[in-house]
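Welcome! Take a look at the structure shown here, and then let us walk through some of its features together.

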Amino acid sequence: MAAAVATPLKFTFSSSHGSTRGLQWRNNQRSIKRPYRGVITAKIDHKPPPYSLEALEPHMSRETFEYHWGKHHRAYVDNLNKQIVGTELDTMPLEEIILATYNKGDLLPPFNNAAQVWNHEFFWESMKPGGGGQPAEEVLELIKRDFGSFEAFVAEFKAAAATQFGSGWAWLVYKANRLDVGNAVNPVPSEEDKKLVVVKSPNAINPLVYDYSPLLTIDVWEHAYYLDFQNRRPDYISTFMEKLVSWDAVSLRLEAAKARAAEREREEERARNGYEGDDSQTEPHSEDSEAD
């Protein structure tokens, strides 16, 4: 569904990724395009966590879930469905809605609700009862390669979460050299670019808009932890890393991210070969024409 040992990247939150697909919002209103007769429009669901609301106690209370999932997450879902009903957005998957409404950093009205729905679903699945500890060997080896040690990764992830000013998120993501965002580093392609990096993002922004593959996240909006930890964000972050992280989910997401990156490379290679093949066919023909 992440980063290197380096200093966390800085972003200006604009991207070349994500077409607006012709969306034209004016004065926070949209010229509604009704779906064709017979098209079944999508409805964004309020998905439950993959465990019971009390399953993470005592580290995350049922009361926190009743407010965080039951009220905040639900509000994002309800508001998004109201915003997209009757538009072409309600036939799109959630990730496509996010990319379309990100609008190269000039956010369209549905973006915040769409991204927050996705972020929360991803966050619930980033935890499990009896979580924490260290990841399986493949993830652990990549972490050691890209951060120097597991302890160094944990320190960097905690620092990103603790220093995200105001509301936001910290992420572990898989970077396959697809970044093209503002003043962020965008190096020449190389094998070393397939690496893990830690990033943080404000408000609803998530790494999908950077063309990163998220592997793990922690929600550092105050409503995520205030009932259990009051204003002690560092304690909440430590508890998350030591007791709640689902490394099983991270492993599955890394496998999927690598598969997507490999498929994209194959598609690009096929496109390059096809273009070169056309050149080789047309060039001799043009020489023959000149000889005639």
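## A charge over a ring

Let us begin with a charged side chain and an aromatic ring. R253 sits over the face of F122, 3.6 Å from the centre of the ring. A second case involves a lysine: K71 lies over the face of Y67, and here the distance to the ring centre is 5.7 Å.

## How confident is the model?

Please keep in mind that this is a predicted model. The average pLDDT of the protein is 80, and 74% of the residues score at least 70.

A pair of aromatic rings is described by two things, the distance of the centres and the angle of the planes. Take F65 and W124 as an example: their centres are 5.1 Å apart, with 40° between the planes, and the pair is tilted. This pair links distant parts of the chain, since F65 belongs to helix α1 (residues 62-84) and W124 to helix α3 (residues 111-124), 59 residues apart. Are F65 and W124 buried or exposed? Both of them are buried.

W124 has another ring partner in F123. The centres of these two rings lie 5.3 Å apart and their planes meet at 45°, so this pair is tilted. Like W124, F123 is buried. Ring pairs also build a cluster, whose members are Y51, F65, W118, F122, F123, W124, W169, W171 and F240.

Now find R62, which lies in helix α1. With a relative accessible area of 35%, R62 is partly exposed. Leaving aside neighbours within four places in sequence, the contacts of R62 are L53, E54 and E57. R62 and D228 are 166 residues apart in sequence, while their C-alpha atoms are 10.0 Å apart in space.

N81 also has its place in helix α1. Its relative accessible area is 15%; because buried means under 20%, N81 counts as buried. Which residues does N81 touch, leaving aside its neighbours within four places in sequence? N81 is in contact with K43 and I44.

## Helix α2 and its surroundings

Helix α2 (residues 94-102) has these buried residues: L94, I97, I98, A100, T101 and Y102. Against which helices do the buried residues of α2 pack? They pack against α1 and α3. Just after α2 comes N103, which takes a positive phi of about 55°.

## Helix α5 and its buried side

Helix α5 (residues 150-163) is made of 14 residues. From its first C-alpha to its last, α5 reaches 20 Å, close to the 20 Å expected at 1.5 Å a residue. The buried residues of α5 are F150, F153, V154, E156, F157, A160 and A161. Why are these residues on the same side of α5? They are on the same side because they cover an arc of only 165° around the axis.

Technical notes:
Residues numbered from 1 in each chain as written. Heavy atoms only, no water. pLDDT = per-residue confidence, 0-100. Helix = DSSP H or I, 4+ residues; strand = E, 2+ residues; numbered from the N terminus. Expected span 1.5 Å × (residues − 1). Buried < 20%, exposed > 50% of the residue type's maximum accessible area, 1.4 Å probe, protein only. Arc of directions from axis to C-beta. Phe/Tyr/Trp six-rings, centres within 6.5 Å; stacked < 30°, edge-to-face > 60°. Lys NZ or Arg CZ within 6 Å of the ring centre and 35° of its normal. Contact = heavy atoms within 4.5 Å.
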